[in-house]
Amino acid sequence: MQFSREDTPRHAITRYAPDSVRIAGSDYRGSLAITGDSILTDWQCDDVSALDEALLARLVALEPETILLAAGERVQFPDAAAMRAVMRAGVGIEVMNDGAAVRTFNVMLAEGRRVVLALVRAG
């Protein structure tokens, strides 16, 4: 899906596909975490079942108000204990499909909110 907007925030996603996203004219493949200021291409998680407290702690360390988690077109929830750890840190976590997560991420960025989009992609 292609997005267009005149005042696109720096790391807004302008296109997404099942295996990639386009940010600021560059395509990224694989698992990654995106904020308004950074793109973590070394956030290695190829399956939601592998998400644990340590992987999510890397996202919490970015100090977002909300983490958006997406792993394709089907909503997939991580381990409940890992999600509770995020919430105990005072960070919201929302699990969505790719399309909903990308749209929500772009809206939250445009509102100036601190958000992390975590995309989980099979290796």
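Two strands pair if DSSP finds at least two bridges between them. The model shown in these views is predicted.

**View 1. Five strands form an open sheet with mixed pairing.** The strand order in this sheet is β5-β4-β8-β6-β7. β5 (39-40) and β7 (92-96) are the edge strands, and each of them pairs on one side only. Strands of a sheet pair through backbone hydrogen bonds, either parallel or antiparallel.

**View 2. Strands β6 and β7 run parallel.** Strand β6 covers residues 66-70 and is joined to β7 by five bridges. Within this pair, L69 has V95 of β7 opposite. Helix α2, made of residues 80-88, lies across β6 and β7. The helix runs at about 140 degrees to β7.

**View 3. Helices α1 and α2 meet in a right-handed crossing.** Helix α1 consists of residues 53-60, and its axis comes within 9 Å of the axis of α2. The two axes cross at roughly 25 degrees. Angles under 35 degrees count as roughly parallel, and α1 and α2 are therefore roughly parallel to each other. On the α1 side, the contact is made by E53, L56 and V60.

**View 4. L32 is a buried residue of strand β4.** The strand spans residues 32-34. L32 has a relative accessible area of 2%, and because buried means under 20%, L32 counts as buried. Leaving aside neighbours within four places in sequence, the contacts of L32 are I39, L40, T41, W43, L117, A118 and L119. Q44 lies 12 residues from L32 along the chain, and the C-alpha atoms of L32 and Q44 are separated by 7.2 Å.

**View 5. Strands β1 and β2 form a hairpin.** Two residues lie between the strands of this hairpin. Strand β1 is made of residues 13-17 and strand β2 of residues 20-23. The two strands run antiparallel and are joined by four bridges. I13 stands opposite I23 in β2. β1 is mostly covered, with five of its five residues buried.

Conventions:
Residues are numbered from 1 along each chain as its sequence is written. This is a predicted model: local features need pLDDT of at least 70, side-chain atom pairs count only at pLDDT 80 or more; totals for chains, interfaces and linings use all residues. Side-chain values use heavy atoms; hydrogens and water are left out. Contact means heavy atoms within 4.5 Å. Axes are lines fitted to C-alpha atoms, for helices over the stretch in contact, and angles run from 0 to 180 degrees between N-to-C directions. Buried means under 20% relative accessible area, exposed over 50%, partly exposed in between (1.4 Å probe, protein chains only). Angles under 35 degrees count as roughly parallel, over 145 as roughly antiparallel, 65 to 115 as roughly perpendicular and the rest as oblique. A crossing is left-handed if the near helix is turned anticlockwise from the far one by less than a right angle, and right-handed if clockwise.
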